[in-house]
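Work through the exercises below with the sequence and the model at hand. Each task is followed by a solution in steps.

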Amino acid sequence: MDARFNMFDNEIAMKFFKRFANAGMVIQQSPLPKSTQELVSLRASQINGCGWCIDMHTKEAAAAGETAVRLHLVAAWRESTVFTEAEQAALALAEEGTRLADAYQGVSDETWAQVRKHYDDDQIAALISLVALINAANRLAVIVHQRGGSYQPGMFAAAFD
């Protein structure tokens, strides 16, 4: 199946994506660890079934030195031993922040307490912003059927230089 609409070939969409990319740069330049950023983006993308974003964040994480074992276990992070307590808190926030319709309370007090335990205010601001941004990116890609498989590390950033 081909993409329904080429967002990269539309003037309005490209104006939007440039601003979207700028918002992403704020998060990338934050003190939230890069590995945590990629793991959170990958987990939300898995939940949302976004092949394009799974492809992108798996490859970007690997290019940045993330191990194959950790990338393979993101989908079952609760059942693995390879993530730190801080990463587990971030992954729980990503899941609960992504599955808002599944839980009336949104992010649980327990998860929030773990996030507060492991991250400072700037990291939390980046983490919350990242969960919102990756969920928006997932929706954009899923709506137009932007499929995974062809992404190359650095490709998205290069499109907006």
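**Exercise 1.** State how many salt bridges a search of the whole structure finds, and examine the one between Asp55 and Lys59.

*Solution.* The model is a predicted one, and the search finds eight salt bridges. In the bridge between Asp55 and Lys59, the closest N and O atoms are 2.8 Å apart. Both residues belong to helix H3, where they are four residues apart, about one turn of the helix. Next, compare accessibility with the cut-off for buried, under 20%. Asp55 has 11% relative accessibility and therefore counts as buried. Lys59, at 25%, counts as partly exposed.

**Exercise 2.** Locate the partners of the salt bridge between Glu87 and Arg70, and decide whether they are buried or exposed.

*Solution.* The closest N and O atoms of Glu87 and Arg70 are 2.7 Å apart. Glu87 sits in helix H5 and Arg70 in helix H4 (residues 68-73), so the pair, 17 residues apart, links distant parts of the chain. Both Glu87 and Arg70 are buried.

**Exercise 3.** Describe the salt bridge between Arg78 and Glu95, then find the network that contains these residues.

*Solution.* Start with the distance: the closest N and O atoms of this pair are 2.6 Å apart. Arg78 is in the loop between H4 and H5 whereas Glu95 is in helix H5, so the bridge ties together parts 17 residues apart in sequence. Shared partners join Arg43, Arg78 and Glu95 into one network of salt bridges. With 4% relative accessibility, Glu95 counts as buried.

**Exercise 4.** Identify the members of the largest nonpolar core that touch the most other members, and the elements that give two or more residues to this core.

*Solution.* This core has 26 residues, and Leu32, Val40, Trp52, Cys53, Val115, Tyr119 and Leu127 touch the most other members. Two or more residues come from each of helix H1 (11-28), helix H2 (34-48), helix H3 (51-63), helix H5 (85-98) and helix H7 (121-143). H7 gives the largest share, nine residues. Now take Tyr119: beyond its neighbours within four places in sequence, its contacts are Leu32, Thr36, Ala86, Glu87, Ala90, Ile124 and Leu127. Another core, of nine residues, lies apart from the largest one and includes Leu39, Leu42, Leu71 and Leu91.

**Exercise 5.** Place Asn10 in the chain and find what its side chain reaches.

*Solution.* Asn10 is in the segment before H1. Its side chain reaches the backbone nitrogen of Ala13 at 2.9 Å. At 26% relative accessibility, Asn10 counts as partly exposed. The C-alpha atoms of Asn10 and Val144 are separated by 13 Å, although the residues are 134 apart along the chain.

Note on methods:
Residues numbered from 1 in each chain as written. Predicted model: local features only at pLDDT ≥ 70, side-chain atom pairs only at ≥ 80, totals over all residues. Heavy atoms only, no water. Core = buried A, V, L, I, M, F, W, Y, C linked by side-chain atoms within 4.5 Å. Buried < 20%, exposed > 50% of the residue type's maximum accessible area, 1.4 Å probe, protein only. Contact = heavy atoms within 4.5 Å. Polar contact = N/O pair within 3.5 Å; in protein donor to acceptor, adjacent residues only side chain to side chain. Salt bridge = Lys/Arg side-chain N within 4 Å of Asp/Glu carboxyl O.
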